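Thanks for coming. I will go through one structure this morning, helix by helix, and then stop at a few single residues.

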Amino acid sequence: MTVFKNQPYQKLLYFDGFAGSGDIEVEGSDGGDKYTIEGAAMRILKIDKPRNFNMYYFVEKKKSLADELNKKIKSTFPDIKSFVVSEDCNKKLIDLSNKFLRLPKGKGYKVLGFIDPKGMQLEWSSLEALRGLPIDLWILNPTSGTNRVLKRKGEIDESWLKRLELFLGMSREEIRNHFYSKRPTLFGDLDIVKENDPINKLHELYASRIAGNIFKYVSDPKILRNNSGAPLFHFFMATNSEIALRIANSVVTPKLGF
Ligand SMILES: C[S@@+](CC[C@H](N)C(=O)[O-])C[C@H]1O[C@@H](n2cnc3c(N)ncnc32)[C@H](O)[C@@H]1O
C-alpha cells in the first residue's frame with residue numbers, strides 16, 4: 001500500500017480465497033473457555049492508510065460462513081466495494097486470472113492475495129493459472145497436515161494420493177520418489193522408508209517448483225508453530241515483483257530498526 005500510495009490511478013484488488021466468517025473461535029489454553037478474535041477479512045478492511053484497495057473479493061466455500069461474513073462487512077463497511085462469494089477458491093482463482101489480471105495495460109488491477117486453507121485445498125493448477133500475472137500471493141503451505149498424509153511406509157489411501165497429486169501437481173510416482181527410498185533389509189528384500197525432515201522438504205519442494213516457473217520469486221518462509229513448538233504451516237509470498245519480494249522477506253524476518 002505504501003508503494004502504491006502515490007499512484008491513485010493504479011487499481012488494487014484484495015483477494016482472500018479462504019475467508020471464513022470474519023471471526024475466529026480460539027480454544028482457551030489449558031482447557032479455558034473458548035473466545036473469539038477478529039478474522040483476517042475484517043482486519044484487512046479496516047486498513048485505509050496509506051490507502052485502501054479499490055475492491056475486496058472474499059471466497060468462502062461454506063455458504064453459512066460466507067453469509068455471515070457478508071452481513072458483517074455490509075453493516076460495518078457499507079461504503080466499501082466488496083464481494084463475498086460462496087464457491088471453491090480454485091474456481092475463483094481461475095476467474096480472477098481471466099477477468100481481472102488480463103485487462104489491457106493501465107486498465108487492469110494489481111492484486112494482493114491471501115490463501116489460508118486448513119489443508120491441501122489449493123490445487124496446483126489454480127496456481128498455474130496465475131503464471132506471470134500481477135498478483136502478490138501470501139500462501140499458507142499446510143506442511144504438517146501434508147506430512148501426516150505421507151505415511152511412514154508409503155501406504156497412502158487412494159483418496160489421499162489423488163489429493164496429493166492435485167495439491168502438489170505431481171504424479172504419485174514422482175511423489176513416492178521424492179519422499180521415500182528403498183533400502184535393503186537383513187533378509188535381502190527391500191523396505192520402503194520415508195526420507196528424513198519431510199516437513200521442511202515439503203516446503204522446499206513446493207517453493208522451488210513455484211519460483212522461476214509460476215512466479216518469478218518466493219519469499220523466505222515464516223514457520224507457524226503450535227503451542228509446543230511443532231511446525232504447522234510454512235507461510236510465504238509468491239510474486240513477480242522484486243520490491244514485493246523484499247517487503248515480504250522483511251515481514252517474515254523483521255530487521256532491527258525496520
Ligand atoms: C483456516 S479457515 C480461514 C480463516 C480466515 N482466514 C480468518 O482469518 O478467519 C479456512 C476456511 O476455508 C474454507 N474452505 C475450505 N475449503 C475451501 C475451498 N475449496 N474454497 C474456499 N473456501 C474453502 C473453510 O470453510 C474455512 O472457513
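This is a predicted model: local features need pLDDT of at least 70, side-chain atom pairs count only at pLDDT 80 or more; totals for chains, interfaces and linings use all residues.

I will start with helix α3, residues 89–99. Which of its residues are buried? They are C89, K92, L93 and L96. Around the axis these residues cover an arc of only 105 degrees, which puts them on the same side of α3. The face turned away from that buried side carries N98 and K99, which are exposed.

Next is helix α2, residues 63–76. This helix has 14 residues, and from its first C-alpha to its last it reaches 20 Å, close to the 20 Å expected at 1.5 Å a residue. The buried residues in α2 are A66, L69, N70 and I73. Seen down the axis, they fall within an arc of 100 degrees, so they line one face of the helix. On the face turned away from the buried side, α2 carries the exposed residues S64, S75 and T76. What covers its buried residues includes α1 (40–46), β4 and β5.

Now the core. How many residues does the largest nonpolar core have? It has 53, and L13, F58 and I210 are those with the most contacts inside it. Take L13 as an example. Not counting residues up to four places away in sequence, L13 touches F53, N54, M55, Y57, F100, Y109 and V111.

There is also a ligand. Of the 18 residues around it, F18, G20, G39, A40 and C89 come nearest. C89 was also on the list of buried residues of α3. The shell around the ligand divides into eight nonpolar, four polar and six charged residues.

Two backbone details follow. In general, most residues other than glycine have a negative phi, and most peptide bonds are trans. The peptide bond from K49 to P50 is cis, with omega near 5 degrees. P50 lies in the loop between α1 and β4. The other detail is D197, which is not a glycine but has a positive phi, near 55 degrees. This residue lies in the loop between β9 (190–194) and α8 (198–210). Is D197 buried or exposed? D197 counts as exposed, because it has 9 C-beta neighbours inside 10 Å.

Last, S181, which lies in strand β8, residues 180–184. S181 has 13 C-beta neighbours inside 10 Å, so it counts as partly exposed. Leaving aside neighbours within four places in sequence, S181 is in contact with V193 and E195. S181 and K153 are 28 residues apart in sequence, and their C-alpha atoms are 9.6 Å apart in space.

That is the end of my list.

Note on methods: Residues are numbered from 1 along each chain as its sequence is written. A residue is buried if 20 or more other C-beta atoms lie within 10 Å of its own, exposed if 12 or fewer, and partly exposed in between; C-beta atoms are placed from the backbone. Helices (H or I, at least four residues) and strands (E, at least two) are DSSP runs, numbered from the N terminus. The arc is that of the directions from the helix axis to the C-beta atoms. A nonpolar core is a set of buried Ala, Val, Leu, Ile, Met, Phe, Trp, Tyr and Cys residues joined through C-beta atoms within 7 Å. Two residues are in contact if their C-beta atoms, placed from the backbone, lie within 7 Å. A residue is near a molecule or strand if its C-beta atom, placed from the backbone, lies within 6 Å of it. Ala, Val, Leu, Ile, Met, Phe, Trp, Tyr, Cys and Pro count as nonpolar, Asp, Glu, Lys and Arg as charged, and the others, Gly among them, as polar. The expected span of a helix is 1.5 Å times one less than its number of residues.
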